[in-house]
Amino acid sequence: MSELKSQIEAFLAEQTRADVSPHTRAAYASDLRQFLEYFTPPPEHGGVDAAPPPPSQIAVLEIREWMADLYHRKLSTLSIRRKLAAVRAFFRFLLREGHIAVNPARLVRTPKAPKNLPDVITAEQANNLIDAVGADRFERPHPARDRAILEFLYGCGVRVSELVGLSLDDLDRHERWLRVRGKGRKERQVPFTAKAAEALDRYLDARCPPPHERALFLNHRGRRLTARGIRGIVKFYGIMVNGDPTLHPHSFRHAYATHLLADGADLRAIQELLGHARLSTTQKYTQVSLTGLMEVYDRAHPKA
């Protein structure tokens, strides 16, 4: 095994010991596997694989060439930023363990993220979709569960990873609070609406878990529903009700924040509810609201 590969495996093992979230570990593993493949020369004619250089021989120039290859393969800027973050974390680990003298990835400039404003569904679209699910018009096997999922996505603004991580012990049904574990396993308290509480009661009455299963949202096997499963549920209803195949769970998070801001909620409060570490992340919803305001102005004002 090459030194680069063995150090990548040691880094991933440390991430497991540090209790880093499974989503982050999977992303690191995928990105670093591709990093290893890039630096591994093709087999010689005799069929023997050549070894990649050791980490100490990968400098700023080599990392920039790797990033240029990512651009050449037409990866998005956001994907390249994520992969560079994984490589930086790996080289920080190597520096900390004494395998390298300097972290070359730290000296590589991060590509600027595009300032694209997210598309936001209207409150009417969100409510019509949820009401259609509640009416059980589509003969789905678990309509009560599906409605509760959508009520929590739109009514709480949680990430899909946070939603699938909810267990029964995370609910305070009397006070209507959720205990949510966000990025970096940071916990926060999020209130849920009366409609979400009603949908939750209906779902829990129909919920049939196997013994000792504490996950809130279950799949057809009675096990914890996955993020992929929720994305499939949202896409199905997005197509059937709104005719929108691009609808995804994060669409409701965007709508939650934008609609709160439009109705006068404080930006700092929205930051807390969303679990954003930086206010600048939340401020993009200000731009979304201003864009919507300008569209209304352009349509309605006689001098526009």
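D69 pairs with R73 in a salt bridge, with 3.1 Å between the closest N and O atoms; the term denotes a side-chain nitrogen of Lys or Arg within 4 Å of a carboxyl oxygen of Asp or Glu. The model is predicted, so local features need pLDDT of at least 70 and side-chain atom pairs count only at pLDDT 80 or more, while totals for chains, interfaces and linings use all residues. Residues are numbered from 1 along each chain as its sequence is written, and side-chain values use heavy atoms, leaving out hydrogens and water.

D69 is partly exposed at 24% relative accessibility, and R73 is partly exposed at 45% (buried means under 20% relative accessible area, exposed over 50%, partly exposed in between, with a 1.4 Å probe and protein chains only).

By the salt-bridge rule, the count comes to 17. One of these joins D31 and K83, with the closest N and O atoms 2.9 Å apart. Because D31 lies in helix α2 and K83 in helix α4, this pair ties together parts 52 residues apart in sequence; helices (H or I, at least four residues) are DSSP runs numbered from the N terminus. Both D31 and K83 are buried. A network of salt bridges also links R147, E151, E198 and R202.

Turning to helix α3, its buried residues are V60, I63, W66, M67 and L70. They fall within an arc of 125 degrees seen down the axis, so they line one face of the helix; the arc is taken over directions from the helix axis to the C-beta atoms. These residues pack against α2 and α4, with contact meaning heavy atoms within 4.5 Å.

Conventions
Helices (H or I, at least four residues) and strands (E, at least two) are DSSP runs, numbered from the N terminus.
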